[in-house]
Amino acid sequence: MDLKEQIKEYVLSTIGVLLTALGLVIFFIPNNIAAGGASGMAMILHRLLSAIPIGVWMYIINIVLFILGFALVGKDFSFKTIYSTFALNFFIDLFDRILKIPRYTGDDLMLAVFFGNVLASVGMAIAFANNSSTGGTDIVAKILSKYFHTPIGTTLLMIDFSIGILAGFAFNPRIAMYALLAIIINGITIDFILKGLELAVTMIIISNKVDSIKDYILNKMERGATILKARGAYSGRDLDVLYVALRRRELGEVLHVIKQIDPDAFVIVNEARYVLGEGFRSIDKIV
């Protein structure tokens, strides 16, 4: 990945964790909605030991979890994940203790859950789409997955649910129910947004000018492609079939180029739930 792309990912990841921090500080923290993650754990610990601010508790939790992660899982954490984790930590501490931004303290917790999730989910989805993670309970899930062979996604959900239930003991059962609701909505919303941000397509292109189309995809779009050797069932002649994976937003450009090069090309377009690997999402973000 070139420097420009790396800078872009760091900038977008920073915007993502900033939005997440705003959702937590404005809506979740004032209402004690411990919706999983290191922030949820920090809220519960702050309730038990209020002398230590939530932001400081998050620093302690994340440092301990990263030490455990490196010791038990190994160097399975990118620098971007470490950066995003502590950037989120910094913004939460900044807005919670130093800048003192306005907060929602109304009686309607459903509003807090809804608008807190809008900000937090959009922010986390942006970070995830740029190959970042906010650490926290993700690390615990990786540790448990390694030693107990449980799916990371399921394990993470169970950990976050446990934190939501603990909020019931630290605060009250009503808070726990809203925390569990926030966790469910958060997961659904992030998945929905990521589908929109990451939606990929695969194309099968059959053309007499496949080399020209291939050159454009490789050199102008800097995307990979695979040439499949095939034979026409009717014509009986050998031909090269181009197989390409693209982001949804790149599809229009390719179709336009195919139209210019070979209007008679035969093209099949399929939506792909995941495309994993170079140029797309890393496989370790899925499993």
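Are K80 and E9 buried or exposed? Both K80 and E9 are buried, where buried means under 20% relative accessible area, exposed means over 50%, and partly exposed is in between (1.4 Å probe, protein chains only).

## Ground rules

This is a predicted model, so local features need pLDDT of at least 70 and side-chain atom pairs count only at pLDDT 80 or more, while totals for chains, interfaces and linings use all residues. Residues are numbered from 1 along each chain as its sequence is written, and side-chain values use heavy atoms, with hydrogens and water left out.

## The K80–E9 link

The structure has seven salt bridges, a salt bridge being a side-chain nitrogen of Lys or Arg within 4 Å of a carboxyl oxygen of Asp or Glu. One of them pairs K80 with E9, and their closest N and O atoms sit 2.1 Å apart.

That pair ties together distant parts of the chain: K80 belongs to helix α4 (residues 79–98) and E9 to helix α1 (residues 3–28), 71 residues apart. Helices here are DSSP runs (H or I, at least four residues), numbered from the N terminus.

## Two arginine pairs

R97 bridges to D93, with 2.7 Å between the closest N and O atoms. Both residues are in helix α4, four residues apart, or about one turn of the helix. D93 counts as buried because its relative accessibility is 7%, whereas R97, at 40%, is partly exposed.

R103 pairs up with D96, and here the closest N and O atoms are 3.0 Å apart. R103 has 28% relative accessibility, so it counts as partly exposed; D96 is buried, with a relative accessible area of 11%.

Terms used. Helices (H or I, at least four residues) and strands (E, at least two) are DSSP runs, numbered from the N terminus.
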